[in-house]
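User: I would like to learn how to read salt bridges in a protein model. Please begin with the general idea and then turn to the case shown here.

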Amino acid sequence: MEFHGDVPIYLQIVNNIKANITSGKWELGMRMPSQRDYAKEMKVNPNTISKVYQELERLEIVETLRGVGTFIVNDEAFIARLKFEELEKMVVDIATEVKQKGYDIEKFMEALREELEK
């Protein structure tokens, strides 16, 4: 994973994990790697991964069972809401950019339809 300077690394990792879950790459109920192992895999400080796991718990995306590990929640309805929120954010971001750059909305919608039909 490549990190960008405009967003804190821990948030970039949180967003990557959320994308892995919503895309189905990571399964519901899956055990997360240990914080130490994940820090090595991501090539970041273990404290960063600790912050990632804390944020995921705060967002109720994972559950930590003391002495057992950290698991992705096994709640399809919650993940569906997470997907919708992700989609909503994408729509807001692209709509804002389209408006700011003064693009014709009908042409944009046509281009979007064509792209989605590919």
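Analyst: A salt bridge is a side-chain nitrogen of Lys or Arg within 4 Å of a carboxyl oxygen of Asp or Glu. In this structure, E97 forms such a bridge with K101, with the closest N and O atoms 2.9 Å apart. This is a predicted model, in which local features need pLDDT of at least 70 and side-chain atom pairs count only at pLDDT 80 or more, while totals for chains, interfaces and linings use all residues. Residues are numbered from 1 along each chain as its sequence is written, and side-chain values use heavy atoms, with hydrogens and water left out.

User: How many salt bridges does this rule give?

Analyst: The count comes to four. Among them is the pair K118 and E115, whose closest N and O atoms are 3.2 Å apart. Another joins the side chains of D93 and K89 at 2.7 Å, N to O.

User: Where do D93 and K89 lie?

Analyst: Both lie in helix α4 (residues 76-100), four residues apart, about one turn of the helix. Helices are DSSP runs of H or I with at least four residues, numbered from the N terminus.

Key. Helix = DSSP H or I, 4+ residues; strand = E, 2+ residues; numbered from the N terminus.
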